[in-house]
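Colleague: Hi! Could you walk me through this model when you have a minute?
Modeller: Happy to, let me put it on screen.
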Amino acid sequence: MNQEIMPAYAAYQKAIDLTLYHAFAELVVQTSQDDKARMHYRQIEAAQIWQQDVDVSIYFEQYSLRYPGEVLERFEEKLGTDIRIVRALALALAVTRTLHADQMFVGSQRSGFLQKIRRIADGDVYLSGALYHLEEDTVRQRALLDALAKTEYTKTEEALFVLSLFDDREEGYQVMHAQLLRLFGPERTMPLAFNCGVLEWFIRTYTEQVKACRSKADLVLRTLVKLPCMNMKQDSREFAVLTAAGYGADEIILANSLAMWMDRISYRLSSNSIPAEKLAAACCKMLLNCPEALPDSLYGYVGWLFTRYKDFSIKYEGNRDLWAAVNSSLSPSSPKTILWMNQNIKQSFNYRFDVFDPQYDCLAVELKRDTYLELFTMQMLRSLGSATTGQWLARYRQLTGADYMEYFTCFRQHTEEAFTLLVETKKIDLWAFFEKHRAEGEYAYPLKLLRDYALRISSWKCYRFVEKLLNQYRFTQLQEIFGDRFYFHRSFCENTGGYGNENFRTIIARPFLGPEEHRKLYEWVDSSFFQMEPEHYTAFVWSALKDPTIQRLYDRPTLASVLRQLIARGNSGGYDGNCLKKRFYSKKELEADRKAAAEKKEQEQMLQKQQEFLKRKEKLEQIYNGSAMSLVQFADKYYYKEDKQQAMNMVYEKLLEWPAGCVQELTPIDTQNFFVLCGMLAKYETRPKQELLDMVKNMIEGGAAA
């Protein structure tokens, strides 16, 4: 993560101009004639606490300073005399001492600067540290280090700086151990959030020494070195340890999240793991729900996390991204946070704040008009009890200088809700609204609001509006205003039968209407259907008869009369029609209807039998060629008993036409088929047995068998 987003060395930046420090070190490398100078400096840089965060390769060009000696000689004139500047130059000069060459300094430039440092170094840990590095005498150098180590520090960052001076890590940690326990514990002065680079250096350099100390007093340090490796949940032992040591819950969560990006620690938590995704979500929720405004760097960090996790690798608990994981748990209340979320996250979210509280006035100024209009509407719809609608509209004009009615010029997230509210609180007169916008064309959004709210009769005011509208306009005229696809009745009927199948469901029930108003509404719908879509009118009437609301509006004789007219047109309605008959017809009418239906059914059955007989007779004439085989073929076409019996009767009549004794003249195949027919005649009992025997005898012997 870029340090430009989130400061990583704030404690040291406050004491030392770190940008100048890196710039001077870079200038030494640039002016060195040693080809390996940059490689050597990279090794030095890797071991130091603070890392370079910006490009400083041309830093001194703006001051017309060309080489290190010139910087040391003229820094007061060009850069200033602030102690942060002096410390930066002294420390940079010290850490690059092995790269110095004679051509970098002219005359007393270097020695003169060192004399200045020595004069003011007493009591300054950073300048004393620089002198320690610059001291060439080993004995005096050791004496300087011992003096620094023996000093009792009140600032965590100063103790860590002294720790960094030791080449021997084991020795340094043992010497500074007691002070580290105190200054990372109850007397800590360095917040973790803006000094994670410092913490990274400590963990990377001294984890081995920290873990080797197993005493209870070292528990805080052992817990801190775990920050990059786990998700420290609020119910975990580690979280409790740090809380007991004076670390705030928010600080722990933020430091834990930042530690995940300590890229110089190879064993840190994988950013694509479930714990990392959960940690990012916990951090965002904590920061965005903070009631106070955050530093810009923290907003930058939250934005960076949303970009980094715009798509979760594992999608824990089904969340596709970081926003999905956090949005249901967010309740931002800081004006600055709400402003930042609207300008940067740009996700649909139910913000809650008091529009009448002056601290939120900045939203009206800073946000785009459309964005603030949506936010304002959201608050008005959810907090109306705190003020009247008139007060809300006046407040909007006070904040923006605009009329709130601009909200209804186009589609927005809450236009329908807001329109309903203003109509019902008498801030919008439907008729005046219609008159103002009726000539704007069918695609004008105000007309869409009228179509979707008023013309659906969503309230008593809508009913009165439609009543007035239909007194002055015909349905065809309404299409000229609201568009060719507008049909008044379609708001009260829906086709549930699917494509090509008419099966309407009528929905006219309105809890705020009485019986008389409901009857009038039905008459409007009925007229609209009949005039505008007559081809669907019959299907609509069927649906109306089935609607319980309409059944309560009219008496049974009236409904029965309508039902009889529908049936008389040739549509019985099937199951629905029978149910409606039972509901609307009297007992006498039901009995008469039952008898009529039975007679009709009997007549239909007789007619069907006659038609079937004629079809069989025609089929027989087509197949029969005078042979017994053709009669067998005809009989074999029928399978059901009744059909077979009728077919065999027809076969019997054909056999009676054969001359007596004709069997003796038949071919063997026809003789066989003749006896097959005789068996079938006997099986289906086409004639009494004796009558069949006489026929057979007559046809074989030629005797009188008829």
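Predicted model: local features only at pLDDT ≥ 70, side-chain atom pairs only at ≥ 80, totals over all residues.
Colleague: Great, pocket first. What is the volume of the largest pocket?
Modeller: The largest pocket comes out at about 500 Å³. Its lining has 21 residues, and Ile44, Ala47, Gln48, His133 and Ser164 lie nearest its centre.
Colleague: Which helices supply at least two residues of that lining?
Modeller: α3 (37–47), α5 (83–95), α9 (156–165) and α11 (196–212) each do. The largest share is from α11, with four residues.
Colleague: And how do the lining residues divide into nonpolar, polar and charged?
Modeller: There are 13 nonpolar residues, four polar and four charged.
Colleague: New topic: how many residues does the largest nonpolar core have?
Modeller: That core has 215 residues, and Phe202, Tyr404 and Phe488 have the most contacts inside it. The helix giving the most to this core is α5, with 10 residues. A separate core of 28 residues lies apart from it, including Leu631, Cys662, Tyr684 and Met699.
Colleague: Which residues is Tyr404 in contact with, leaving aside neighbours within four places in sequence?
Modeller: Tyr404 contacts Leu373, Phe376, Thr377, Met380, Leu393, Tyr396, Ala418 and Leu422.

Conventions:
Residues numbered from 1 in each chain as written. Heavy atoms only, no water. 1 Å grid on protein atoms, 1.4 Å probe; cavity = no way out; pocket = protein on both sides within 12 Å on 5 of 7 lines; lining within 4 Å. Points joined across faces, edges and corners; volume = space filled by probe spheres on them. Nonpolar A, V, L, I, M, F, W, Y, C, P; charged D, E, K, R; others polar. Core = buried A, V, L, I, M, F, W, Y, C linked by side-chain atoms within 4.5 Å. Buried < 20%, exposed > 50% of the residue type's maximum accessible area, 1.4 Å probe, protein only. Contact = heavy atoms within 4.5 Å.
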